[in-house]
Amino acid sequence: AGFGELMRQASLRQVRTAILSRQTAEVRGRSLIINLPGKPASIDVCLNAVFPAVPYCLELIGAVPIVADPAMFD
């Protein structure tokens with residue numbers, strides 16, 4: 001529920017109807033599944049909102065860790 005709430009909150013700053021969005025995230029086995037919106041600009045907003053929590057979430061569920069190059073996001 002936290003991922004979806006955060007994504008909707010971030011989207012709400014851009015779009016008044018963001019509260020109607022179905023953005024969510026679920027854990028299935030050792031996979032984190034993040035349901036994102038369809039518009040590329042909205043995907044960017046949502047991923048930027050939740051991405052800091054993704055590595056720790058993956059660690060908690062025993063998934064393979066990811067290492068991102070911060071320069072990719074500049």
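**Entry 1: what covers helix 2**

I began by asking what covers the buried residues of helix 2. In this predicted model, the cover includes helix 1 and helix 3. I then looked up which residues of helix 2 are buried, and found Ser42, Cys46 and Val50. Looking down the axis of helix 2, I saw that these buried residues fall within an arc of 55°, so they line one face of the helix. A handy rule for my notes: an α-helix has 3.6 residues a turn, so residues three or four places apart point the same way. On the other side of helix 2, I found Pro40 and Ala41 exposed.

**Entry 2: the nonpolar core**

Next I listed the largest nonpolar core, which has eleven residues, among them Phe3, Met7, Cys46, Val50 and Leu58. Which elements give two or more residues to this core? They are helix 1 (2-12), helix 2 (40-50) and helix 3 (54-60). Helix 3 gives the most, with three residues.

Leaving aside neighbours within four places in sequence, Met7 is in contact with Gln23, Thr24, Ile34, Asn35, Leu36, Cys46 and Val50.

**Entry 3: the largest pocket**

The largest pocket holds about 210 Å³. I noted 13 lining residues, of which Ser11, Val15, Ala18, Gln23 and Ser42 are the closest to the centre of the pocket. How does the lining divide into nonpolar, polar and charged residues? I wrote down six nonpolar, six polar and one charged. Helix 2 turned up here too: with three residues, helix 2 gives the most to the lining.

Methods:
Residues are numbered from 1 along each chain as its sequence is written. This is a predicted model: local features need pLDDT of at least 70, side-chain atom pairs count only at pLDDT 80 or more; totals for chains, interfaces and linings use all residues. Side-chain values use heavy atoms; hydrogens and water are left out. A nonpolar core is a set of buried Ala, Val, Leu, Ile, Met, Phe, Trp, Tyr and Cys residues joined through side-chain atoms within 4.5 Å. Buried means under 20% relative accessible area, exposed over 50%, partly exposed in between (1.4 Å probe, protein chains only). Helices (H or I, at least four residues) and strands (E, at least two) are DSSP runs, numbered from the N terminus. Contact means heavy atoms within 4.5 Å. On a 1 Å grid over the protein atoms alone, a cavity is a set of points where a 1.4 Å probe fits but cannot get out, and a pocket is an open set with protein on both sides within 12 Å along at least five of seven lines; lining residues have an atom within 4 Å of a point. Grid points are joined across faces, edges and corners, and a volume is the space filled by probe spheres set on the points. Ala, Val, Leu, Ile, Met, Phe, Trp, Tyr, Cys and Pro count as nonpolar, Asp, Glu, Lys and Arg as charged, and the others, Gly among them, as polar. The arc is that of the directions from the helix axis to the C-beta atoms.
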